[in-house]
Amino acid sequence: MEAAPGAIVHPKEIRVQQDNPSKSINDLPLEIVIHILDAVLKETINTADFHGGYYLRTLGDLAAVCRAWKAIIESTPSLWTVIESTAMPDEMDYMLHKSGNCTLNFRSIIRGHGILLSEDFAGSDFLSLTTQNMRRCSSLSVRVENSGQAAPLLESPAPVLREAIIHAVASNADRPVNLFDGQAEMLEDLRLTRIPIRWDLGLPPKLRCIRIAYRHLSTTWFPRPHEVVSALSGCAGIEIVDLSGPNMVFKSLEWTDPEVQGPIVDLPKLKELKIQNMSIARSSYIVGHLRAPSLKILRLRETLQVDSIIPLLRPPNSLLLPHIQHTLAHSEILNLTLGHKRILLKIEGKGGDADLAFFCTDPENLGRWLVDEFVSELSSVSELELGVTSTHPISALNFLGNLLQALRNITRLRCPCANAAAGILAEHLASPYYASDGWRWHWPGLRHLKLGDAHEWHEVALKMLQERYGSSQKEYGDLGIGTPKWYPCPLITLSLPGMSACHPKTFRDIAGIVGKGVLEGDDHDDHDVAV
């Protein structure tokens, strides 16, 4: 560091500068310089799938910095191992030559950014070169125009391949593929879109993540549930399984006798299981034949076909039952939405997530099952989001009252839409019950309440709040048994969107009951109003 003009430099400082002259990056050991260059190059591809920089261009920019770097890059095969679809054929051949015997990374990238993205696909030269060198490929990320173009890649032996992402924009496959001809012993991450595979031939043994999206494919090539279970049985280290696709058009399970179940497969490291639009009956078979004690995220969704939910709930429940039990026991939020032939159950918390969403003929069966199987776990839930979006027969909502009673310790309640169940909710909140030590209120610790559509049942809402929080509260039964300490806690926040605009008198009456500091304004923005 040089002294400023006119500054007095102490002799000791001069000696320090002479003894420790500044060094350039090229004075570092060769292996460290190579490591730095490699880190810079990897940053260009360390982005979302099919996006990012141009590796070869970045390599050229680095080589142009100085003669030393150019010499290092020219003599280091490991820096020439990323071959992208945007390279020219002669550039691909040159990089292949310079890479020596190193493992290769083949990747497609999309030109442009934002709204300027083009519909680029891997060209024939790139696909041909990749197919010929799959034995050296350790990473594959390819975007093709149709699934038929991906078949040669996927059926080539790939003994050192660790990750493969192949996205087909359209499907024209005439058959399912045999994954890497059964020679992908090192593969850990597999993600395919619109590409059918031979599940009956098994999966690579070291697979940790598999994500397959079936879209617009012939139902002939969808995996049969017993094939999925059998294939997963050979992947003891699997952590993520994500299968999604259009609904199966046939409902029968002709390939299995419901009374003769297959073996339960243990997947001790499975953390995430998602099955979407694969029919309730078929996803039920898969879930019912897996055991996963480490499971954190479970998502089952069927939104295309209306069918019975019973197959999901009947034994075996080796995965579903223990996961929901554990999730509920450590839950923070329980979301239940009930509509016409539709149900959504979502549980979130420290124990993991469970997300079940179905169009089904009998959504109330899931509610009854929830109450019957998890009474003790439901008592630990502190936050409930409840929606009943359409009118139901009284018999279909019978379970709802029992569910509200099982949720003993709710402190926060949000109801975006509860008009169809307003009577059940009002009865639960406004009617005390007799216990062994006197009259008590349901959810005595409720402090935050949001009723999104209460303006549609404003009279019921007013009566409910008056009974629960009105100044004329009195003890029920023998005054010698019940005492005021069992009254419910006062609300801290109360949100009634639209009430002030639609029913200003009711709004004022409610404000008089709970206090102006709790309920303020019309809440057009649908946010809670706090003290």
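K98 counts as buried in this predicted model, because its relative accessibility is 17% and the cut-off for buried is under 20%. Its partner is E74: the two side chains meet in a salt bridge, with 2.9 Å from N to O. E74 sits in helix α4 (residues 67–74) and K98 in helix α5 (residues 89–98), so the pair links distant parts of the chain, 24 residues apart.

R208 forms a salt bridge with E239. R208 lies in the loop between β5 (189–193) and β6 (209–213), while E239 lies in the loop between α8 (225–232) and β7 (240–244), so this bridge ties together parts that are 31 residues apart in sequence. R208 counts as partly exposed, at 39% relative accessibility.

Next come E383 and R414, whose side chains also meet in a salt bridge. Here the link runs between strands: E383 is in β15 (residues 383–388) and R414 in β16 (residues 412–417), so parts 31 residues apart in sequence are tied together. Is E383 buried or exposed? At 14% relative accessibility, E383 counts as buried, whereas R414 is partly exposed at 23%.

| Salt bridge | N to O distance |
|---|---|
| E74 and K98 | 2.9 Å |
| R208 and E239 | 3.3 Å |
| E383 and R414 | 2.3 Å |

Some bridges share partners: R162, E188, R208 and E239 are joined into one network this way. For the whole model, the count comes to 18 salt bridges.

How values were computed: Residues numbered from 1 in each chain as written. Predicted model: local features only at pLDDT ≥ 70, side-chain atom pairs only at ≥ 80, totals over all residues. Heavy atoms only, no water. Salt bridge = Lys/Arg side-chain N within 4 Å of Asp/Glu carboxyl O. Helix = DSSP H or I, 4+ residues; strand = E, 2+ residues; numbered from the N terminus. Buried < 20%, exposed > 50% of the residue type's maximum accessible area, 1.4 Å probe, protein only.
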